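Please have a look at the sequence and the model before I go on.

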Amino acid sequence: MTIQQLQYIVALDTHRHFVRAASSCHVTQPTLTLQVKKLEEQMGVQIFDRTTQPLTVTEMGEKVIQKARRVLREVNQLREMVNKDKNQMAGTFRLGVIPSLSPYLLPLFLRHFSQLHPHTRLEINELQSEAIIEGLDSDTLDIGLLVTPLHESSIREIKLFYEPFLLFAHPLHPLLGRELVSPQDLTEDDLWVMSQGHCFRDQILNLCQMAAQNPSGKNIRFEGGSIETLKNMIRNISGYTLIPEMAYEPRQESSQVRRFEAPEPAREVSLVVHNSFTKELLLQELKASVLAVTPDHMRKNTSFVAVNWR
């Protein structure tokens with residue numbers, strides 16, 4: 001039984017004529033006739049008495065059609081509700097953002113967004129990726145801003161941009177002697193990484209093809225909770241790490257940063273929501289505000305290779 005079949009029997013009850021009913025449903029008469037017959041066979045009842053002219057409805061058919069009209073009315077109301085909901089932005093929405101993205105992207109686009117949409121309130125939590133996914137599934141979060149792909153059947157991803165990885169090293173590190181670096185140049189002996197649970201850590205280890213453990217070449221064991229902490233450790237001690245491009249401050253850090261050879265490794269940044277989320281206008285406006293402050297070269301994946309973290 002389908003909604004379309006219910007529409008056909010209601011149209012046939014209204015017009016009491018196969019050709020006129022088919023025309024009102026914008027289908028051919030044989031199509032409507034076949035679908036009505038299939039529905040009768042599926043239900044095991046005869047809805048219409050075809051031996052009379054004009055067409056009449058059986059006693060059981062009256063009950064079926066009456067119920068069909070109620071079902072179609074509910075379906076139409078549901079569609080209207082969803083369509084209205086898609087265009088609504090007023091209210092409070094819970095946004096989860098990963099720590100390696102929030103200090104660099106949020107200050108750029110939130111002012112732009114809040115000025116355009118004063119009746120939309122965002123409650124923002126800085127969370128690791130797995131916690132954001134869990135929050136979307138458990139309905140404790142409405143939207144996530146993180147690195148994709150996630151490969152989660154219950155999650156929808158709205159791609160925003162690709163952010164390149166950059167090498168950040170101690171001023172005396174030999175890698176800074178290169179104009180460009182490649183993943184093959186990287187060793188784990190003096191690599192600093194974020195602590196376990198951060199997707200950025202997993203991306204670095206995947207890019208460098210290293211084991212998911214703390215690099216072992218230093219007599220200091222440290223796993224940073226933020227990119228800025230790692231940068232300060234490297235400035236004052238030794239070694240190197242990888243940073244996303246938005247974390248790079250050209251005026252102060254150009255002598256400590258090197259780009260990768262093309263195609264540059266990058267992370268794919270997306271808005272993510274549960275499949276049941278219906279606020280389409282909100283997603284469109286969030287995307288527009290983010291892209292308004294995103295450098296042009298990050299919006300296309302023409303010179304990047306995305307690095308997975310899962």
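The largest cavity is lined by Ile98, Pro99 and Ser100, by Leu127, Gln128 and Ser129, and by Gly197, His198, Cys199 and Phe200, and please keep in mind throughout that this is a predicted model. Sorted by class, that lining has 5 nonpolar and 5 polar residues, with no charged ones. The space in this cavity comes to about 30 Å³, and a search of the whole structure finds 1 cavity of 30 Å³ or more.

Let me move on to the helices. Two packed helices are described by the angle between their axes and the distance between the axes. For helix α1, residues 3-15, and helix α3, residues 29-43, the axes come within 9 Å and cross at roughly 110°, and α1 and α3 are therefore roughly perpendicular to each other. On the α1 side the contact is made by Gln5, Leu6, Tyr8, Ile9 and Leu12, which meet Thr31, Leu32, Gln35, Val36, Lys38, Leu39 and Gln42 in α3. By class, this contact has 7 nonpolar, 4 polar and 1 charged residues.

How do the axes of α5 and α10 cross? Helix α5, residues 102-116, and helix α10, residues 280-292, have axes that come within 8 Å and cross at roughly 120°, which makes α5 oblique to α10; their crossing is right-handed. Here Leu105, Phe109, His112 and Phe113 of α5 meet Leu282, Glu285, Leu286, Ser289, Val290 and Ala292 of α10, a contact with 7 nonpolar, 2 polar and 1 charged residues.

Key:
Residues are numbered from 1 along each chain as its sequence is written. This is a predicted model: local features need pLDDT of at least 70, side-chain atom pairs count only at pLDDT 80 or more; totals for chains, interfaces and linings use all residues. Side-chain values use heavy atoms; hydrogens and water are left out. On a 1 Å grid over the protein atoms alone, a cavity is a set of points where a 1.4 Å probe fits but cannot get out, and a pocket is an open set with protein on both sides within 12 Å along at least five of seven lines; lining residues have an atom within 4 Å of a point. Grid points are joined across faces, edges and corners, and a volume is the space filled by probe spheres set on the points. Ala, Val, Leu, Ile, Met, Phe, Trp, Tyr, Cys and Pro count as nonpolar, Asp, Glu, Lys and Arg as charged, and the others, Gly among them, as polar. Axes are lines fitted to C-alpha atoms, for helices over the stretch in contact, and angles run from 0 to 180 degrees between N-to-C directions. Helices (H or I, at least four residues) and strands (E, at least two) are DSSP runs, numbered from the N terminus. Angles under 35 degrees count as roughly parallel, over 145 as roughly antiparallel, 65 to 115 as roughly perpendicular and the rest as oblique. Contact means heavy atoms within 4.5 Å. A crossing is left-handed if the near helix is turned anticlockwise from the far one by less than a right angle, and right-handed if clockwise.
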